[in-house]
Structure formats: structure tokens, C-alpha cells
Amino acid sequence: MIKCLRKYWLEILLIIPMTIYILGFTILPIFQSIVMSFRSEGNMGLTMNNYHMLFNKPQFLESIGNTMFVTVVSLCYQLVLALLIALALKQSFKGRGIVRAIVLMPMGIPTMVSGVMALYVFGTSGYLNEILFRLHLVSTPINWTVGGMRSLFVIVLADTWKVLPTLVLLLLAGLESIPETVYEAAKIDGASSVLTFFHVTLPLLKPSITMSILFRAVDAFRIFELPQILVGSSIPFVATYSYEEYSAGNLAISAASSTVLLVMILLFTWFYMKVIDRGEGFNVT
Amino acid sequence: MSRNPRKLGKIFLVIGIVLVCFCMIAPLYLLVKVSFSTPWEVNTAHPTLLLHQPTLKHWKQVLSSGNLFGPFWKSLVVATCTMVLATVLVAPASYVISRTSRKIRATYILVLFFTKMFPVVGIALPISVVFLKWNLLDTNTGLVLAHLIGQVPFMAWILVSTFGSIPRDLEEAAFIDGCTKMMALRKVVIPLAVQGIAVAGLYVWLNSWNEFTYALYLSLTTKTLPLEVYYYVQRGGTFQMAAYATILAIPVIIITFVMQKYLRSDYLSGAVKG
């Protein structure tokens, strides 16, 4: 032990501050939050009361549905769109640099700002309605953020605008790591471009896709800022619902709903790794 | 005949690219446009798409209201302190992590990944309870400590892979030449890693500048810039929120454009690779 300390004193000294910070300010609060969700006032033991109350609230059940819907739809939609854009950007054409810069631009835009933009675009007297009106597609303005399916799609679109650049960048790097010789071999064997895409590009791109899905899914489940700005509490999501309870002073309920969200994320990740991916695309090096 | 489908494909490609570029740029144009528009161009059933009568009224209002400087300064101080503190905490630790055995490294990275999975609202809740006790609500110190929660794992990811890409042989060569551990770090490792550290630091600065959730939980009276925008969103101040959002976005756009050369996807993937 002493020998080990003497040999590695510098390494230990370097790693300790960050470890202490993470233990104290991240791991500890996570456990506090989970424990808090099993506590109720005036009772020292652990109870399930908060969860009983939570699952009896229709608003909370609705928020689970909304969160799952937005996660699944935005994952599929964003992944397909990002893959198409990445494939287009891999071709060489005039002005590719500019297109790349434009596509990557929203990456830096704060989520708050993209929410404000979405308010202008999807407002009742907003610009999407105006464009649709001028194209003679609608005659009366559509109320996009009033609730229901339509508003969920608005949130998906606003979210897509914001995260598309990151996904494009990830997939583009994956595409560029596929050696050119593989494509040449496919061509010599007489494979059509569609066949090449499904049997060469997609399988080789799997690690990038898996990583994109996991990163995106975790963020999509936790979606908070955009709903908070765009629809407020009229369309609850699990994270915004948790905030609602917090600002109403119901700390234990708030903790319980964020714990439910954690369980949803863990279940999704587990399901994805075990059932869909089976450990093929995701390795920790 | 055989060239027709290819031509058609090319046309579709061009249309697609133009459409995507339009969708990416149009909202930004609208934001700036609204901040310079007169109310009758925006607050009607049929808002104009072009700027007919530019006005500086809203900008003058925002700049002279006295509500801008406080939040701007707070955001600036918090973002800068977060960047500096995160670098001091994370850079040394990620160097060590990148040099440990595979097993320890994988465990550490998985723990970091797990902390990223937990909802921010769930961490912010106990943090705000504790900070209330410690009198850290509404202070810059408190907000910096909170922003670090999200930024430390993020930066560790980037830096572990940055340090990992520096070959160990270089350090060993330095040892053979008679360097101590400290000297090898100073003369060999840090100069090679400095670019990665700078990029990671800028990312952290941006993320902290944009951060909303912790700020919402931990601020009662003093606002950061994103909170100021949110305040006007709630009040329905169409023009103020356009101006504030533009101010919020400007430094970010500048930094991202400067950084584009260094934006590499392996920074996003970090040490987790397929």
C-alpha cells in the first residue's frame, strides 16, 4: 500500500479533486434524490406513498406518454434525416464547404434561442402559417402549439433543428472511416448503389448509429427547455412535470418523477443494448 | 437513357440540399428580423416575410433598460469561472485516467456516462435544497458549482481521448533522457494536449453560457442571460425576447465558426468508441 502510494503519488494527487467533486456533487445528489422520493413527511421509514400519488395523477401519466412519443419519433426522424444529409455531404460538389458550415451552424445556437425561434415560426400568426397561406395550402391559420399531436410534432421539429448538426457530424465521421476499397470491391462484384448502401454502408456504420441513438435517446428523454418555452405546463413532459412539482413545493413528488425518468432511460438503454444491438456496436475502450 | 436516372438523382440532391440549408438559416433570419421590425409587421395575422421598415427601437429599449448588463455580466462570469475550474479539475484527472489500465478506465467512463443519464431536474433538486442551507442560492459560486456537474463528465470524455491519443512512448523516452514525472508532463504531454484542452474549454464555456435548467433552479432574483430570455418568453415580450436571444446567440455563433476547423466528431464520442 505504502509502496503503491510512493510510486503513484502524483497520479493519485491529480485524480483526487475530480473524483471528490463527482462523488460529492453528482453521485451523492443522485442518491439523495432517489432516497427523497421514498420519504414522506413526518415519517422516518421508506414508503411508496409518493409513487402512489404520482401514478394517480393523470397529468403525470400523460407526461410519460408525451416523453416516450417525442423520444421515439424524434429519434427515428432525426436519424434518417441526419443520415441523408451526411450521405449528401460525403459527395463532392461545388459549395460543399458552405453547405457544411450552414448545416453545422445550429450546433452552437443555445437551446433557449432555438425555442424562441420556434415560437416565431409556429405561432398562430407565425411565419409557417404565413408561408402556407401564401402557397394557398391553408386559408385559416393553424394553431400549432395548442396541444395534442400537432404540438408534439412542433417540439420534435424544434428539437431536430437544434441537434441535427451533432448527429450529422457523428454519422459523417462514421461514413468517412469506411475505406474506399470496400466500395470498389462492391462495384466490381456488380452491386447496385441501393444494394451497396444496405449491405455495405449500413452494417459498417452500425457503431456510429448505435452511439448516436444512445446519446440522443438519453437527451430526448430528458427534454426540458424546449417544452418549457414552447408549451409551458399545458403539455407535460416528465422533466417539466418534475419542475412543476418542485416549484409548487412538492419536493418528494418531484424527486419521484425524476426517478421514474431515470428508470425509463435505464430501461431503454438496457433494452437497446441487449435486444437490438446485442453488444455489437458499443464497446468501451 | 441510362443517364436520366442519375440526372434525376442529382436534381433531387440539389433540391434537398437547398431545402435543408433554407430550414437551417430561415429561423435565424426571422429572429434578427423580428428584433428590427416595427410591431405592425409582426403582430398581425399576416406577418411580412421581408423587412420593410427597419427600426432600432427595440434595441435601444433593451440597451437602455438597464436589465441587460446584470444578466450579461453574470453569464459571462459564471461561464468563464466554470471553464477555468473545469479545466483545473478535469485535465489532470483525465490524463491519469487515460494512463490507467483498461478496466479502471472503462469503469470510470461508465460511471461518467451514468451520471449523464440521470435527469438534470433530479440532480438540481437536492442541489437547490443543499444550496439553500449553504446560502449559495443566487450566487455566482453556487451556479458555477452547479454548472460543473454537467460539464465535468463532458470535458473528461473529450480529454481522456485527447490524452489517450498521445503515445506513451514519448513519455518513456523523456524518462530515459532523465526527466522526472513532472518534467515529462510539462515538456511533453501538456504541449501536445493543449489544443484539445483549449477546444474542450471553449465547449464548456459555451455550454455554461447556454445553460438554463440549473440557473432556473438556483436563481431567485439575479438572472443569467438565458433566464432573462425566458422571462420575456413568459411575459410575451415578442421584441425584447428577439433582441435578448440575439445577444445570447452572437458570442456563440462567433466561437462556433472559429472552432469549426477543430470540431471533430471524436470529441463528441470521446473515449467511447465502436
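Tutor: A definition before we start: two residues are in contact if their C-beta atoms, placed from the backbone, lie within 7 Å. Keep in mind that this is a predicted model.

Student: Fine. How many residues of domain 1 of chain A are in contact with domain 2 of chain A?
Tutor: Four residues of domain 1 of chain A are in contact with seven residues of domain 2 of chain A. On the domain 1 side, two of the residues are nonpolar, two are polar and none is charged.

Student: Where do those domains of chain A run?
Tutor: Domain 1 of chain A covers 1-37, and domain 2 of chain A covers 49-277. Their centres, taken over C-alpha atoms, are 34 Å apart.

Student: And which elements does chain A have?
Tutor: Chain A has twelve helices and one strand.

Student: What radius of gyration does chain A have?
Tutor: Chain A has 24 Å, whereas a compact globule of 285 residues would have a radius of gyration near 19 Å. The C-alpha trace of chain A spans about 75 × 75 × 35 Å along its principal axes.

Student: How much of chain A is buried?
Tutor: Buried residues account for 40% of the 285 residues in chain A.

Student: And what about contacts along the sequence of chain A?
Tutor: Take the contacts in chain A between residues at least 6 apart in sequence: 71% of them join residues at least 24 apart.

Student: Switching to chain B. What are its elements?
Tutor: Chain B has 13 helices and one strand. Read from the N terminus, chain B runs α-α-α-α-α-α-α-α-α-α-α-α-α-β.

Student: Why is chain B called more spread out than a compact globule?
Tutor: Because its radius of gyration is 24 Å, well over the 19 Å that the globule rule gives for 274 residues. The C-alpha trace of chain B spans about 75 × 75 × 30 Å along its principal axes.

Student: Where are the domains of chain B?
Tutor: The domain assignment gives domain 1 of chain B as 3-55 and domain 2 of chain B as 65-269. The centres of these two domains of chain B are separated by 33 Å, over C-alpha atoms.

Student: How many residues are in contact between domain 1 and domain 2 of chain B?
Tutor: Five residues of domain 1 of chain B are in contact with six residues of domain 2 of chain B. Helix α1 (residues 3-35) of chain B gives the most to the domain 1 side, with four residues. By class, that side has four nonpolar, one polar and no charged residues.

Student: Now the two chains together. How many residues of chain A are in contact with chain B?
Tutor: 75 residues of chain A are in contact with 70 residues of chain B. Helix α1 (residues 2-37) of chain A gives the most to the chain A side, with 16 residues.

Student: Which classes make up that side of chain A?
Tutor: It has 55 nonpolar, 16 polar and four charged residues.

Student: Let's do a helix pair. At what angle do α5 and α7 of chain B pack?
Tutor: Helix α5 (residues 102-117) of chain B and helix α7 (residues 140-164) of chain B pack at about 145°, and their axes are 10 Å apart. The crossing of α5(B) and α7(B) is left-handed.

Student: Which residues meet there, in α5(B) and α7(B)?
Tutor: From α5(B), I109(B), L112(B), T115(B) and K116(B). They meet P153(B), A156(B), W157(B) and V160(B) in α7(B). The contact divides into six nonpolar residues, one polar and one charged.

Student: Last topic: C81(B). Where does C81(B) lie?
Tutor: C81(B) lies in helix α4 (residues 69-99) of chain B. Leaving out residues up to four places away in sequence, C81(B) touches N140(B) and V144(B).

Student: Why does C81(B) count as partly exposed?
Tutor: C81(B) has 19 C-beta neighbours inside 10 Å. A buried residue needs 20 or more.

Student: How far apart are C81(B) and C23(B)?
Tutor: C81(B) and C23(B) are 58 residues apart in sequence, and 35 Å apart in space, C-alpha to C-alpha.

Definitions and conventions
Residues numbered from 1 in each chain as written. Chains lettered and ligands numbered in written order. Predicted model: local features only at pLDDT ≥ 70, side-chain atom pairs only at ≥ 80, totals over all residues. Domains from an automatic or database assignment. Nonpolar A, V, L, I, M, F, W, Y, C, P; charged D, E, K, R; others polar. Helix = DSSP H or I, 4+ residues; strand = E, 2+ residues; numbered from the N terminus. Rg over C-alpha atoms; globule rule 2.2 N^0.38 Å. Axes fitted to C-alpha atoms, helices over the stretch in contact; angles between N-to-C directions. Left-handed = near helix turned anticlockwise from the far one by under 90°. Buried ≥ 20, exposed ≤ 12 C-beta atoms within 10 Å, placed from the backbone.
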